[in-house]
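Hi there,

Here is the structure I promised to pass on. Have a look at it first, and my notes follow below.

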Amino acid sequence: MAHVTFTQNIQRHIACPPCQALGATVGEVLERVFAGNPRARDYVLDDQGAVRRHMVVFVDGRQIRDRARLSDPVPPDAEVCVMQALSGG
Amino acid sequence: MSDRLLVATRKGLFTLSRGKGRARPHWRITRTSFLADNASIVLPDLRDGHVYVALGHGHFGVKMHRSRDGGKTWQPIATPAYPPKPEGLDDRDPNTGRPVAWNTDLVWALESGHPSEDGTLWCGTLPGGLFRSRDRGDSWQLVESLWNDPKRREWVGGGAELPGLHSICVDPRDARHVTVGVSCGGVWMTKDGGARWECRAKGMRATYMPPERAYDPNIQDPHCVVQCATSPDVFWAQHHNGIFRSTDGCASWQELSGKPSSFGFAVAVHPRDPDTAWFVPGVSDEHRIPPKGKVVVSRTRNGGKSFQILTKGLPQTQAYDLAYRHALDVDESGERLAFGTTTGSLWVSENGGDSWETASEHLPPVYAVRFAH
C-alpha cells in the first residue's frame, strides 16, 4: 500500500492528512484518496483530471511523467508526495 | 444609497462601511476576508444578501465561496468546471496554435440572475466559457450553446493569454435576455435563455487588426460592457481602443471621443439616466498610466457628446493608478461611486463624481469594487 502525503500549503485550504492507499498507478492511488476526501480532488487535479499546472507528484522521489492520465506505476509501499510547484509562485 | 463596499484584491477581500454622520473618513475597512488570497471577483447579490467570491489559488486552482451573512462566515461552493474535452477536437488558440485547455483558469465575471429567477447566477471565465447556476452556486452548468459555437474558437486573448468573458448584463425586462462581453470576442446576446447566441458588435472598431478586419464583430475587445438598468436598450462599452455606445440593444454601436483619452478599462452607467456614464481613463494601450500623472474620472451627461474631467479629491501629480474593468461601480442611487486601482488606492464619491474621498491608499491591487446593502 502506498503512503501518500500532501504539501503543507494545501492544509490551509483543506485538510489532507497523510494516508495509505492501494493502487498500481498514480491515478488509482489518488482515486482512493479522493474517494475519502472528495474536496481535495479539485485542489490537485484540473477540470480534465490532469495534475494542475502548478502541482507536482513524486513517487519515491521521482516526478511523475504522465500528468494527464496519471499512468505512472506505483510500487508497493511507495512514498507518493503531492507538492506545489514553485512555478505557481 | 449603499453604505457598504466590497473590494476584491490581489491579497484578499475587504469590506468597507460608511460611518454615520460627518466624521471623516466616511468609509473605513470594517472586515477582511481571505487575506493573502487572490480574490478575482466579488458579487453581493442584492436579491437575497448573499455574497459570492472567487479565489484564484496559484497552485490549487480557482475556488468559490458563498456567505449567507454578509461576509461574516463563508462556505465553499462549487467552482465552474468544463466538461471533458472531446478526443480529437481541433480547438486551438488562433494566436499561439496551442490546444485550448478546457479548464477554468480565472473567474472574471459574476452576476446575479434576473429577479424572477431566485438563486440563478451567471459566471464568466477564462478561457471564455459562460456558466449558469440555478442553486446559488452549489452547481454550475457550462452554457454549451455559446461554448460550442464555431465562432468561439476564433476568440483570442486580450490582456491575457486566453480569451475571457468579463461582462454579463441580464436584461431587467426579460430573464432570458442576456448580453455578455468577451476579450477578444465582441459582444454576444441571447434572447431565449441561452439556446441561441448572436454576436452584436456591429460598429465597433479594432485598431489592432488589419483594415479589412477592423470592423469584424467577433474580434472586438470590449474591456467592459454595462447596461442601463432603466433604459436597457442603452449599453456602454469601454473598448480597447475607444468608447462605444449602443442605444438599440447592441444592434449597432457608435464610437465616441473620450476625454482626456478614450483608453481605459472601466465604465459605469447611471441606473436611471442612460446618458450619464463614468470612465477612468489611461493614456493608451501602450501607456497604461493616467494622462500626465493625474488620476481623473471622466463623466458624460449627454450620451457621450461631451465629457467632463473630474479631479476634486483625486491626486493630480505623479500618480500612476490604473483602474481595472471591474474596479469602478455606481450604486442604485446613481450618486455614490467608488473605484479602486492597481496601486491600491480606493476613492468614493457621494455626489456623482463631483468630488472624491480617499478610502484607502494601501490596499493590494484592486480587481473589483461592488456596492452592497
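**What I found**

Cys199(B) is buried, with 21 other C-beta atoms within 10 Å (buried means 20 or more such atoms within 10 Å, with C-beta atoms placed from the backbone). Before going on, please note that this is a predicted model, where local features need pLDDT of at least 70, side-chain atom pairs count only at pLDDT 80 or more, and totals for chains, interfaces and linings use all residues. Residues are numbered from 1 along each chain as its sequence is written, while chains are lettered from A and ligands numbered from 1 in the order in which they are written.

Back to Cys199(B): this residue sits in strand 15 (residues 198–199) of chain B (strands are DSSP runs of E, at least two residues, numbered from the N terminus). Leaving aside neighbours within four places in sequence, its contacts include Lys151(B), Trp188(B) and Pro217(B) (contact means C-beta atoms, placed from the backbone, within 7 Å). The C-alpha atoms of Cys199(B) and Val187(B) are separated by 5.7 Å, with the two residues 12 apart along the chain.

The largest nonpolar core has 104 residues, and Ile41(B) and Ala266(B) touch the most other members (such a core is a set of buried Ala, Val, Leu, Ile, Met, Phe, Trp, Tyr and Cys residues joined through C-beta atoms within 7 Å). Strand 28 (residues 366–372) of chain B gives the most to this core, 6 residues.

Finally, the contact between the chains takes 14 residues from chain A and 13 residues from chain B.

Best wishes

Methods:
Two residues are in contact if their C-beta atoms, placed from the backbone, lie within 7 Å. A residue is buried if 20 or more other C-beta atoms lie within 10 Å of its own, exposed if 12 or fewer, and partly exposed in between; C-beta atoms are placed from the backbone. Helices (H or I, at least four residues) and strands (E, at least two) are DSSP runs, numbered from the N terminus.
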